[in-house]
Amino acid sequence: MISGRARLDGGDLLAEGRFAFWGDAVGSLCRADFMGPDGRPLVSLAGDSAGVTVYMPRDERAWYSPGGIPLGGGVLRIRDLLFLARTGL
């Protein structure tokens with residue numbers, strides 16, 4: 001688990017709050033939550049080897065990306081994301 005404070009800045013969203021990231025490299029599972037200033041979740045992410053789901057509760061929107069997180073012309077797999085988080089990148 002990694003936790004701390006983070007800032008989201010994009011489009012019409014600008015917020016700063018608590019951030020928590022949990023991962024299991026053996027099962028290729030991860031979960032991340034970014035909380036707003038009021039302590040309620042702004043963005044939640046859940047992923048496994050099949051893909052990633054991102055949910056924005058306040059907007060009541062969610063989207064699913066098979067295989068991992070879209071990044072440029074490729075996909076960042078959950079196992080790779082966990083490796084990057086563990087090494088501090």
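The legends below describe close-up views of a predicted model.

**View 1. Confidence along the chain of the predicted model.** The chain has a mean pLDDT of 84, and 91% of its residues reach 70 or more. Strand 6 has the highest confidence, at a mean of 93, whereas strand 1 (residues 2-10) has the lowest, at 75. Where pLDDT is low, the predicted coordinates should not be read in detail.

**View 2. The hairpin of strand 3 and strand 4.** Strand 3 (29-35) and strand 4 (residues 41-48) run antiparallel and are joined by 6 bridges. Within this pairing, Cys-30 has Gly-47 of strand 4 as its bridge partner. The hairpin has 5 residues between its strands, and Gly-39 takes a positive phi near 85°.

**View 3. The hairpin that joins strand 4 to strand 5.** Ala-46 stands opposite Thr-53 of strand 5.

**View 4. The hairpin of strand 5 and strand 6, with Glu-60 in its turn.** Strand 5 (residues 51-56) pairs with strand 6 (residues 61-66) in the antiparallel sense, over 6 bridges. Val-52 has Ser-65 in strand 6 as its bridge partner. Between the two strands of the hairpin there are 4 residues. Glu-60 is not a glycine, yet its phi is positive, at about 55°. Glu-60 counts as exposed because its relative accessibility is 69%, the cut-off being over 50%.

**View 5. Ser-28 in the loop between strand 2 (13-24) and strand 3.** Ser-28 has a positive phi, near 50°, in a residue other than glycine. With a relative accessibility of 11%, Ser-28 counts as buried, since buried means under 20%. Beyond its neighbours within four places in sequence, Ser-28 is in contact with Gly-47, Asp-48 and Ser-49, and also with Ile-78, Arg-79 and Leu-82.

**View 6. The buried residues of helix 1 (residues 78-87).** Ile-78, Leu-81 and Leu-82 are buried in this helix. These residues lie on the same side of helix 1 because they cover an arc of only 100° around the axis. An α-helix has 3.6 residues a turn, so residues three or four places apart point the same way. Just after helix 1, Gly-88 takes a positive phi of about 85°.

**View 7. The salt bridge between Asp-38 and Arg-58.** The two side chains meet at 2.6 Å, N to O. Asp-38 belongs to the loop between strand 3 and strand 4, and Arg-58 to the loop between strand 5 and strand 6, so the pair ties together parts that are 20 residues apart in sequence. Asp-38 is partly exposed, with a relative accessible area of 46%, and Arg-58 is likewise partly exposed, at 39% relative accessibility.

**View 8. Further salt bridges, Asp-59 with Arg-61 and Asp-80 with Arg-77.** The count for the model comes to 4 salt bridges. Side chains of opposite charge can pair when their charged atoms come close. In the pair of Asp-59 and Arg-61, the closest N and O atoms are 3.9 Å apart. Asp-59 is partly exposed, with a relative accessible area of 45%, as is Arg-61, with 44%. In the pair of Asp-80 and Arg-77, the closest N and O atoms are 3.3 Å apart. Asp-80 is partly exposed at 29% relative accessibility, and Arg-77 is partly exposed at 47%.

How values were computed:
Residues numbered from 1 in each chain as written. Predicted model: local features only at pLDDT ≥ 70, side-chain atom pairs only at ≥ 80, totals over all residues. Heavy atoms only, no water. Pairing = 2+ DSSP bridges. Buried < 20%, exposed > 50% of the residue type's maximum accessible area, 1.4 Å probe, protein only. Arc of directions from axis to C-beta. Contact = heavy atoms within 4.5 Å. pLDDT = per-residue confidence, 0-100.
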